[in-house]
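Good morning, and thank you for joining. Please have the structure open as I speak.

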Number of protein chains: 2
Amino acid sequence: MYLDKENLKDVEILPKDKYPQKGDKACKIRSDIDELIKEVGLKDGDFISFHHHLRNGDKVLVMVMEAIKRANIKDLTLVASSIFPTHESIIPLLEDGTIKNIVASYISGPVGEAISKGKLKGNLIMQSHGGRARAILEDEVKIDVAFIGSPSADENGNISGVNGTNECGSMGYAIADSLKAKKVVAVTDYLADYPNYPADITEDYVDYVLMVESIGLKSGIVSGTTMITKDPIGLKIARDTLTAMIATGLVKDGMSFQTGAGGISLAVADFLRDYMIEKEITGSFASGGITGYLVQMLEEGLFKALYDVQCFDLKAIESLKVNPNHIRMSGSQYGNPHVSNVVDNLDIVILGATEIDTDFNVNVTTGSHGMLMGGSGGHQDTAFGAKATIIVSKLFSSRIPFIKDRVDCITTPGNTVDILVTERGITVNPIRKDFVESFKAAGVETIDIHELKEYAEKVMGKPEKIEKTDRVIGLSQSRDGSILDYIYQVK
Amino acid sequence: MYLDKENLKDVEILPKDKYPQKGDKACKIRSDIDELIKEVGLKDGDFISFHHHLRNGDKVLVMVMEAIKRANIKDLTLVASSIFPTHESIIPLLEDGTIKNIVASYISGPVGEAISKGKLKGNLIMQSHGGRARAILEDEVKIDVAFIGSPSADENGNISGVNGTNECGSMGYAIADSLKAKKVVAVTDYLADYPNYPADITEDYVDYVLMVESIGLKSGIVSGTTMITKDPIGLKIARDTLTAMIATGLVKDGMSFQTGAGGISLAVADFLRDYMIEKEITGSFASGGITGYLVQMLEEGLFKALYDVQCFDLKAIESLKVNPNHIRMSGSQYGNPHVSNVVDNLDIVILGATEIDTDFNVNVTTGSHGMLMGGSGGHQDTAFGAKATIIVSKLFSSRIPFIKDRVDCITTPGNTVDILVTERGITVNPIRKDFVESFKAAGVETIDIHELKEYAEKVMGKPEKIEKTDRVIGLSQSRDGSILDYIYQVK
């Protein structure tokens, strides 16, 4: 920059014949995936990344991994925000060493089972959504090539999740990858006219546009769980959850709210909606993975805005396309613990759990017999950020006991979990003395977590200890980078 | 990340008593500017940055510099995207060494004169808008603290240029600063409810929100030059420019276009509008600093979209607020030469010039007697990117001769300048053989640049050589980082 130079006359002036020449810009479009793998310079030991906005309809991850396999590149670290049943065919690539390590926020289906059975040669790191963004932005996870499944891209790489034939809506989990990866490849089946907008990722962050026949099956993009429960037990839990929410004192004008896409969580949103209409309460924002139920509440004026990091259904995608109060956010803006983020502004979050223990630690990572079947996603992030973190679950529904002395794997630390609602009623974490008091004052009955556990054991019998091997195959990482728990190989 | 660890069992698990505690987030709001200067840890030799979206109405730069002066911090490098007459009162801070170096893209008014007279102890670097974004993103210019004048911010630092009482519209030139500065301060006079949207800069990039009484005078935010010329000579030039544009073959469906806010440039847009309506031509996008004239063309369907890096008038701000086809872009997306950018997609750009030489080099940096009175802004960037770069100017209007053997300071290299239109007609750069041919084929007369110079000299007399000192006070930087020319101290 020559700012410290004493005599600027010594600086060499670019001669006329060295001026950069005006000319045609390089074409980014590629159509041969095998050629592209060579061109990006992918090599043994590299880190490659994928997002999961195409969910169980995604064809991009498998397509790229198969090309990498054909190129005989080994020992890759697969940084996939989530892995779904549709990705089953990468299992042989774990076994043959194409994929050595996996870093993910959620893994369900056969790939999870294969990892649990020890098929990964290297290690597994399970992160939260916010933790993933943090790790990438802080260079803890350095991505060599990001393959970004794109519902549409123009010739310069402006990517939009709301244009094209296989729209997925917000692409919040791909933003950190696009900012930091050495090479960014937009993989698309829809070449849009320039400029393609609204862009989730703009051309200045994209190196290649790889045209493929299909990035996914739209039917699989939409989550299968976005329906309000009709089960009377689920509805009772949802009703009690509204009671608990009101007792926290947080249900009032300006409130912010997040809920998942599970049947009980959606029922909570529905009961909250009725209550807000009745009491004429206007909230500030709702956030997270967005469903049509939250869109309806936005349209009814119950919330001023939606913060959308991923769309769970078509109604959410449609709303994102047309409603200026439906705002995209990146995974970092959503939940990166080392920056100011949206989850820190949440009043109430409703979350599910596979298991909970008497310290209120929650496991959503492993299931029956310790098998990988999920992961934090935004669980850890929202639990930490929200003023009231409420877990909703049936005591008796899955094959494994719900309440334990110690969960099989800590996904979300108990000190961030405030309230549990089951069909047996409301349980308050005793470290939340404020809630213990306000519930008492409101005349809301609560049940101690140890009593709840005893009751469950009376009905179900004492849980058998999960039989696992001694081999640790992975780690459950805290959003800030520290390690919360081991993940063991199953027997 | 423990990915290379052989035995994960050796990894230490965070004990329960070390779990990060859920709690209130730190408050970002500050109201005492002097306390804030201490708190951000600003020290001698640091780099501080400002944007110019408040233009000649900006009060933020002076306010912050005065506080820095009170804190007795010295030898700062001022990275200001532009400096206007309203910033006059920082001149004593050049003299007393508070400000040592200046990096800017445009300087007009008394500060420019003071620098030209040698009042800066260190050096001046003049960059293009795209070059500034490149330099910041590539760590060539490392900003310690970015002070971002913000028409509105919420308590978490979501900044929006279209909310508040002193709106400026798009904040494209502040984006690189927000991404890279070690500390980011939103300086605002309007505290918006959370969430403040649409956000030009989101909370994850902002460390402090400094509340001040006023960030600026709205009357000064709007450029004073955004009116179509009424002068018959200017209108003749504009008409000939349309003829030249048509002769390039680029005025057709899908065309993209940029023009400045000068009176002749706006007249060109107006003639183009009539022509597009008449011939039923629909363009792709228009870009740049956006005026109401381009907004009108967007609303009439003559362009599909506007790419807006800064708003020049209130109509542009209003449009950005409500029209989804009016898109924000960052300075990097606009013109960073090391990434894919919007200017590379331009068909035609209309630009002004203070001087041009027989190599078609353009000077918009220095004026009469070599005095600093402008700078590249987007001149260099768009000239490089556009397929046809057209300079429009009167031969005889300013106090200095327009055509020279060699311009006083090269702002934009002649090999990127294609066509010149003056009241004497159309001149084509002979290196653009394609245009020479197409103009001939279209029957459009052109005049050689040497002939044009001779004609001008016949009327005006031969230009006197500018008398300057031997001391180089600054450098005119090419957008890619190389140096195009010296800037001398004036006599």
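Predicted model: local features only at pLDDT ≥ 70, side-chain atom pairs only at ≥ 80, totals over all residues.

**Cores, sheet and helices**

The largest nonpolar core has 80 residues. Those with the most contacts inside it are Ile48(A), Phe50(A), Met65(A), Leu78(A), Ile102(A), Ile115(A) and Phe147(A). Which element supplies the largest share of this core? It is helix α2 of chain A, residues 60–70, with eight residues.

Consider Met65(A) in particular. Leaving aside residues up to four places away in sequence, Met65(A) touches Ile48(A), Phe50(A), Leu76(A), Leu78(A), Ile90(A), Leu93(A), Thr98(A) and Ile99(A). Apart from this core lies another, of 79 residues, and Val64(B), Ala67(B), Ile68(B) and Val206(B) are among them.

As to confidence, the average pLDDT of chain A is 95, and 99% of its residues score at least 70. For the complex, the predictor gives an ipTM of 0.96 and a pTM of 0.96.

I turn now to the sheet. In chain A, eight strands form an open sheet with mixed pairing, in the order β12-β11-β10-β9-β13-β16-β18-β19. Which strands are at the edges? They are β12 (326–328) and β19 (425–428) of chain A, each of which pairs on one side only. Direction ignored, neighbouring strands of this sheet are turned by 20 degrees against each other on average.

Within the sheet, strands β9 (residues 257–259) and β10 (residues 283–290) of chain A run parallel and are joined by two bridges. Opposite Phe257(A) stands Ala286(A), in β10(A).

Two helices of chain A deserve attention here. Helix α8, residues 232–247 of chain A, packs on the sheet and touches β9, β13 (348–351), β16 (388–392), β18 (419–422) and β19 of chain A. The direction of α8 makes about 150 degrees with that of β18(A). Helix α11 of chain A, residues 314–322, also packs on the sheet, where it touches β10, β11 (303–311) and β12 of chain A. The direction of this α11 makes about 90 degrees with that of β12(A).

Definitions and conventions: Residues numbered from 1 in each chain as written. Chains lettered and ligands numbered in written order. Heavy atoms only, no water. Pairing = 2+ DSSP bridges. Helix = DSSP H or I, 4+ residues; strand = E, 2+ residues; numbered from the N terminus. Axes fitted to C-alpha atoms, helices over the stretch in contact; angles between N-to-C directions. Contact = heavy atoms within 4.5 Å. pLDDT = per-residue confidence, 0-100. Core = buried A, V, L, I, M, F, W, Y, C linked by side-chain atoms within 4.5 Å. Buried < 20%, exposed > 50% of the residue type's maximum accessible area, 1.4 Å probe, protein only.
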